[in-house]
Amino acid sequence: MKEVGLYLLKSSVVSGIFFLIYYLLLQKESFFKLSRFYLLASLSFSYIFPFIRINITNSTVEPLPIIKTLQSTVNQFSFIEEQSIPTTVVQEPSLIEHYWWLALPLLLSSVFLYRFLNNIIHLLKTIHANEKVNQNRFTLVLFNQPHTFSFFRYIFISPKVWRSPKGHSIITHELSHLKHKHSLDRLLLEILLIIFWMNPFIYLYRKALEEVHEFQADSDATQNTSIKAYFNLVLQQSSAHNYSPLMSPFSYKLIKKRIKMANYKSNPIKRFLILIPITVAILTIGISGTMITNKFSHSVHENLIPIATSNISFATKEKLNINNDAFIVPISNPVKTIGWGYRIHPVYKEKRLHQGIDYPVPTNTPVYASQTGTISNVSEGKLKSGYGKRIEIQHNRNYETLYAHLNGFNVKVGQKVVQGDIIGYVGNSGASTAPHLHFEIHENGKPINPETLLPKSQTNTKKKIVSYHAPIKKENLKRIGSGYGMRIHPIYKEKRMHNGVDYVAPINTDILAIGDGVVRKVNQDFVKGKGHGRFVIVDHENGYSSLYSQLNAYKVKEGQKVKQGDVVGLLGSSGISTGPHLHLEIKKDGKFVDPATVIK
């Protein structure tokens with residue numbers, strides 16, 4: 001949820017900057033249409049802004065001071081750090097266990113939502129319960145209350161005030177709210193408040209818009225009457241009633257400001273003088289909040305390590321097996337690699353999906369572009385956490401590559417690189433225990449196993465031959481039941497895919513881990529007679545995982561390391577089952593495989 005927090009921070013900071021501009025330049029001016037447009041547009045932009053990405057392709061000048069200041073707050077990234085991503089259809093621990101801390105924010109949002117719905121219901125009941133007079137452009141709702149207000153095309157007014165000599169001026173004021181559709185503004189602010197109540201500036205925006213609405217309505221209402229007579233009427237007819245935020249009231253709130261603004265007319269030339277700093281501010285914030293992660297070319301060149309140039313020799317390219325139509329390994333002749341799959345993170349000491357390939361090589365080993373493309377990000381990152389120093393390249397066909405834990409860079413954002421060019425040098429930055437290159441390939445924004453695109457002869461991944469042991473000892477096994485594939489389900493009596501193998505044996509027979517691994521899931525929330533019943537999931541090396549279901553009892557705990565042959569549970573018949581048996585499933589990189597192909 002770090003991304004959510006960063007989004008809220010960015011939107012709050014930007015909305016605050018824009019409101020400060022309004023406060024300094026527009027608050028005391030009579031450009032009501034401009035003020036209203038600015039408030040609505042700037043608030044909306046502040047919530048869209050964090051999603052904007054602009055690649056700055058060529059710049060050699062030192063960034064403006066305000067851009068430097070904002071970069072640390074509004075910088076964008078196109079890759080996420082390693083995460084623990086479930087690869088089976090079985091659910092991980094409940095959302096409540098993971099996101100319990102969201103209870104308070106959701107509770108407060110619920111309070112704002114309840115208030116909003118309550119106000120809507122109250123208005124609808126008022127419309128339904130009282131006499132209505134339909135006019136050409138509006139509908140009068142006659143109710144016995146001293147206050148007058150409007151909501152979309154409805155004007156709520158007492159019959160006595162409506163029929164009085166001064167009722168026309170009051171109606172004119174409310175018609176201005178209807179004409180300018182002020183209720184839409186109020187509705188938008190209330191919806192944003194439900195979601196983004198934690199943004200302190202949104203309350204200032206709401207108050208500022210209410211002021212602009214009243215100034216605009218007063219301006220229209222005083223076109224054909226004197227200002228003095230009009231505001232005498234305002235003081236006579238208004239009440240101290242507490243209005244719903246959805247209403248546009250005929251009240252004496254802000255009376256001093258309203259009288260002042262009604263008598264003041266801004267110089268038209270000021271409009272253009274005000275638009276200039278606003279435009280500059282928008283451009284400055286827009287540029288500073290995009291992918292300027294290299295802090296322009298000045299800071300990139302400070303990190304260059306002059307070991308080699310980006311133009312490598314023909315002999316080196318031959319060694320790399322350059323193929324412009326495919327990806328290449330970004331390290332020359334790697335001795336060993338650590339591949340894609342679940343593992344215990346060497347720094348964070350928790351189970352995570354390793355969504356790339358690691359190449360353990362000496363510091364300052366050249367890193368080559370795996371494919372031709374454009375540098376989209378060059379980031380310093382954090383010294384001891386995350387990816388550290390990294391480079392990202394955008395390629396054709398929606399592919400991106402990431403090169404992390406670097407020691408230095410040989411490129412800058414926007415630079416075109418050719419497959420095999422030296423883009424940086426291996427290091428030990430970020431969450432790393434030794435010098436190595438962490439390499440990822442993303443397709444349409446999602447990480448994929450790089451080995452699916454790298455030439456098989458180049459991967460050089462030293463993997464064990466995948467051969468797992470049977471989950472039940474031979475002497476205890478009665479027979480193999482249903483195998484992997486389509487079958488007629490013994491209970492539902494319909495054709496279904498059987499994603500595993502059933503081993504029939506006496507109840508409470510020991511169930512053995514088919515290989516070394518870490519217990520990911522021990523299902524405590526099973527329902528007798530439904531689904532897999534009691535089950536255990538174990539994650540193994542090289543992207544494999546195994547599921548043992550229909551158990552009668554557990555012998556392991558979540559997070560526990562197991563060796564091949566360790567007892568993980570006892571055979572049973574706890575789920576959808578016709579008798580005691582073990583249902584075993586095996587997945588490779590999240591996809592089902594036939595257990596018979598990997599078990600001796």
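The questions below go through how some descriptions of this predicted model are reached.

Q: Why are helix 5 and helix 8 called roughly antiparallel to each other?
A: Helix 5 and helix 8 pack at an angle of about 155 degrees, with their axes 7 Å apart. Angles over 145 degrees count as roughly antiparallel, and helix 5 and helix 8 are therefore described in that way.

Q: What makes the contact between helix 5 and helix 8, and which classes of residue does it have?
A: Helix 5 contributes Ser 109, Phe 112, Leu 113, Arg 115 and Phe 116, while helix 8 contributes Leu 187, Glu 190, Ile 191, Leu 193, Ile 194 and Ile 195. By class, this contact has 8 nonpolar, 1 polar and 2 charged residues.

Q: Which residues does Leu 39 touch, not counting residues up to four places away in sequence?
A: With that exclusion, Leu 39 touches Phe 19, Tyr 22, Tyr 205, Ala 208, Leu 209 and Val 212.

Q: Why is strand 10 said to pair with strand 13?
A: Pairing requires at least two bridges, and strand 10 and strand 13 have 2 bridges in the antiparallel sense, so they count as paired. Within this pair, Thr 374 stands opposite Lys 416.

Terms used: Residues are numbered from 1 along each chain as its sequence is written. This is a predicted model: local features need pLDDT of at least 70, side-chain atom pairs count only at pLDDT 80 or more; totals for chains, interfaces and linings use all residues. Side-chain values use heavy atoms; hydrogens and water are left out. Contact means heavy atoms within 4.5 Å. Axes are lines fitted to C-alpha atoms, for helices over the stretch in contact, and angles run from 0 to 180 degrees between N-to-C directions. Helices (H or I, at least four residues) and strands (E, at least two) are DSSP runs, numbered from the N terminus. Angles under 35 degrees count as roughly parallel, over 145 as roughly antiparallel, 65 to 115 as roughly perpendicular and the rest as oblique. Ala, Val, Leu, Ile, Met, Phe, Trp, Tyr, Cys and Pro count as nonpolar, Asp, Glu, Lys and Arg as charged, and the others, Gly among them, as polar.
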